[in-house]
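Here are my notes on the model you sent. They are set out as numbered points, one topic to each.

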Amino acid sequence: MRFHGYFRSSSAYRCRIAFNLKGIEYDFEQVHLKHGAQKDAAYKALNPQMLVPTLETDEGDRLIQSLAILEWLDETHPEPPILSRDPLTRARERGFAQVIACEIHPLQNLRVLKYLGQELGADADQTSAWLARWLGDGLEACEGLLAQTGAATSFCYGEQPGLADICLVPQVFSAQRFNVDISHLTRVNEIYNNCAALPAFEQAHPKNQPDFEP
Ligand SMILES: N[C@@H](CCC(=O)N[C@@H](CS)C(=O)NCC(=O)O)C(=O)O
């Protein structure tokens, strides 16, 4: 399969973690977001939303949206599972993932930050305040959800990393990148560190990608 992504994209980062956990090999195609390559006609034909990631399957089907890609990977490559077999836990894992993918991440997206700066005239301090507010509030909610489980597990919902961890780690990376202080979020940081110690997560880190730029 062919994966279109970008080293710094947290949605692509989620998929990379899942590829690694499941031992799936893929060809990588860089879409240079900073250079606007997501808007090239060829890429738009692949993904009309002009966002990464896009996954082209071996059969030539095109999949977009990281959560949909993650679920497709889990259904077509079930071992190890990234979603619990228990419906209640599975719903909680999806809820946690959606807090990040649907509520936090869209507010830090490149096109949104560009709009804030270029169209609305926000300066660097205002953009930082925006990021601190929405990433901070969102990750606080994640900490609250983890507290609700009442369990000091190694990962969000158990002793194996799953969908929630796959979404959490790139979001913590973004908080670090945007200098959002989340040092008080004990469980979030604990789980981030547990994940970071695993090769599947380490190898998926932006700094370890072929298109990495400092
Ligand atoms: N909800 C989408 C988000 C995709 C997305 O926003 N990707 C970002 C990178 S993380 C992007 O391509 N941004 C390009 C832009 O804003 O122009 C997913 O989970 O795949």
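**Notes on the predicted model**

1. Asp 165, Leu 168, Val 169 and Val 172 of α7 are in contact with Val 188, Ile 191, Tyr 192 and Cys 195 of α8. Sorted by class, this contact has 7 nonpolar residues, no polar ones and 1 charged. The model is a predicted one, and the remarks below should be read with that in mind.

2. The axes of α7 and α8 (residues 186-196) are 10 Å apart, and the two helices pack at an angle of about 100°. An angle of 65 to 115 degrees counts as roughly perpendicular, and α7 and α8 are therefore roughly perpendicular to each other.

3. Helix α1 covers residues 10-22, and its length can be checked. At 1.5 Å a residue its 13 residues should span 18 Å, and the C-alpha atoms at its ends are 19 Å apart, so the two values agree. After α1 comes Gly 23, with a positive phi near 65°.

4. How much of α1 is covered? Of its 13 residues, 11 are buried.

5. The packing of α1 with α3 can be described residue by residue. Their axes come within 9 Å and cross at roughly 10°, which makes α1 roughly parallel to α3. On the α1 side the contact is made by Ser 11, Arg 14, Cys 15, Ala 18 and Lys 22, and on the α3 side by Ser 66, Ile 69, Leu 70 and Leu 73. By class this contact has 5 nonpolar, 2 polar and 2 charged residues.

6. Two backbone features deserve a check by eye. Most peptide bonds are trans. The bond joining Val 52 and Pro 53, however, is cis, with omega about 10°, and Pro 53 sits in the loop between α2 (41-46) and β3 (54-56). The bond from Glu 79 to Pro 80 is cis as well, with omega near -15°; Pro 80 belongs to the loop between α3 and α4 (87-104).

7. Most residues other than glycine have a negative phi. Gln 65 has a positive phi, near 70°, and lies in the loop between β4 (62-64) and α3. With 17 other C-beta atoms within 10 Å, Gln 65 is partly exposed. Asn 179 also has a positive phi, near 55°, and is in the loop between α7 and α8. Asn 179 has 9 other C-beta atoms within 10 Å and is therefore exposed.

8. Is Gln 176 buried or exposed? This residue of helix α7 counts as exposed, because it has 12 C-beta neighbours inside 10 Å. Gln 176 and Ala 132 are 44 residues apart in sequence, and their C-alpha atoms are 11 Å apart in space.

Technical notes
Residues numbered from 1 in each chain as written. Predicted model: local features only at pLDDT ≥ 70, side-chain atom pairs only at ≥ 80, totals over all residues. Helix = DSSP H or I, 4+ residues; strand = E, 2+ residues; numbered from the N terminus. Expected span 1.5 Å × (residues − 1). Buried ≥ 20, exposed ≤ 12 C-beta atoms within 10 Å, placed from the backbone. Axes fitted to C-alpha atoms, helices over the stretch in contact; angles between N-to-C directions. Parallel < 35°, antiparallel > 145°, perpendicular 65-115°, else oblique. Contact = placed C-beta atoms within 7 Å. Nonpolar A, V, L, I, M, F, W, Y, C, P; charged D, E, K, R; others polar.
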